Amino acid sequence: MTSTNPVWEPPTASAADSAARDAGFAEYLASPEVLQFLNPDAVRSPGPSVPVRTVTAEGRSAPVNIRIYGDAGAGDGPGLVWLHGGGFVSGSLDMPEVDYMARVLAHAGTPVLSVDYRLAKDGVTFPLPHEDTLAAWFWARNNADSLGVDPSLLCLGGAGAGGNLAVGAALYLVDSGEPLPAKLLLAYPFLHADLPKPTHTPNTEAMAGLPRRLRFTLEDCLRVAENFVGGPVNLASSYAMPGYADPAGLPPTALLACEYDDALGSSELFASDLERAGVPVTFFMAEGAVRGHLHHAAGLPEVQPALDFFQNALSSVTAR
């Protein structure tokens, strides 16, 4: 495992922190303050300059915008379809988590397709974000030639809520007999509506010092899940809460977890479930990092080990 230094500082009360006590966590996550950097004064790299363009995929019930980073490849390499994080109710294509990472990976030679899926608010619930994910995936497969990627090496991934959508889409592809991603790349995916106990226990004093916006309590998990599902979690499809599904048949998986994450046990449990199902899995613990690491450390040296982990996962991908 590779260590990274903590990028957070002692907490101070904020309007968003106070609002969390009075509003549902879905509304709290949607607050602009939640996605603020932990260290807003840090000097951050904007990421490499790469070609960027936007295309539109026709979805089952709505068009889906896809932002493509990078030049067309030589036709024999991998590509990555990525779903951003944000608890299903926040985040965008412009958030540093995806923009910075996509620029780094595209500059290294892997085109990245960032998906503008519908957020779970204003009446939107599952399966609409799931449908958007599949629409983007099928568009990427069908247009692999124009992207300059080998369709058999196309990968799928996401962070947080986006990791949920990636795994849910992969389960659907398994069940429907469609071509699967060559690999799943997941960053602290939201897969369970509860908090499995982690095998690794971080420093409890440090955890207690985290700002409220970085804690993810059991109540938070349930609220996020119920908001996404649009009802009781126990009625959810396995595509909506994929941590409870049988993972047999899923593609090889590269899983990034963060040490200071209340949901660390979820990532550990999913990795164990994959191993028991015979799915190859590589697990990277970003030591000293908090949930949302790809966002909060974007453009800083602290995020490089995590990006190296994903770059290595892409460089070693093979056709299924």
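This is a predicted model: local features need pLDDT of at least 70, side-chain atom pairs count only at pLDDT 80 or more; totals for chains, interfaces and linings use all residues.

Helix α11 covers residues 304–315, and its axis comes within 11 Å of the axis of α3, residues 96–107, with a crossing angle of roughly 45°. Angles of 65 to 115 degrees count as roughly perpendicular and those under 35 as roughly parallel, so α3 is oblique to α11. The crossing of α3 past α11 is right-handed.

On the α3 side, the contact is formed by Tyr100, Met101, Val104 and Leu105; on the α11 side, by Leu307, Phe310, Gln311 and Leu314. By class, seven of these residues are nonpolar, one is polar and none is charged. The buried residues of α11 include Leu307, Phe310, Gln311 and Leu314, and also Pro305, Ala306, Phe309 and Ala313.

The loop between β3 (79–83) and α3 holds Phe88. Phi of Phe88 is near 75°, a positive value in a residue other than glycine. Phe88 is buried, with a relative accessible area of 1%.

Another loop, between β4 and α4, contains Asp122, whose phi is also positive, near 55°. Asp122 is exposed, with a relative accessible area of 77%. Pro127 lies in the loop between β4 (112–116) and α4 (128–142). A cis peptide bond joins Phe126 to Pro127, with omega about 15°.

Methods:
Residues are numbered from 1 along each chain as its sequence is written. Side-chain values use heavy atoms; hydrogens and water are left out. Axes are lines fitted to C-alpha atoms, for helices over the stretch in contact, and angles run from 0 to 180 degrees between N-to-C directions. Helices (H or I, at least four residues) and strands (E, at least two) are DSSP runs, numbered from the N terminus. Angles under 35 degrees count as roughly parallel, over 145 as roughly antiparallel, 65 to 115 as roughly perpendicular and the rest as oblique. A crossing is left-handed if the near helix is turned anticlockwise from the far one by less than a right angle, and right-handed if clockwise. Contact means heavy atoms within 4.5 Å. Ala, Val, Leu, Ile, Met, Phe, Trp, Tyr, Cys and Pro count as nonpolar, Asp, Glu, Lys and Arg as charged, and the others, Gly among them, as polar. Buried means under 20% relative accessible area, exposed over 50%, partly exposed in between (1.4 Å probe, protein chains only).
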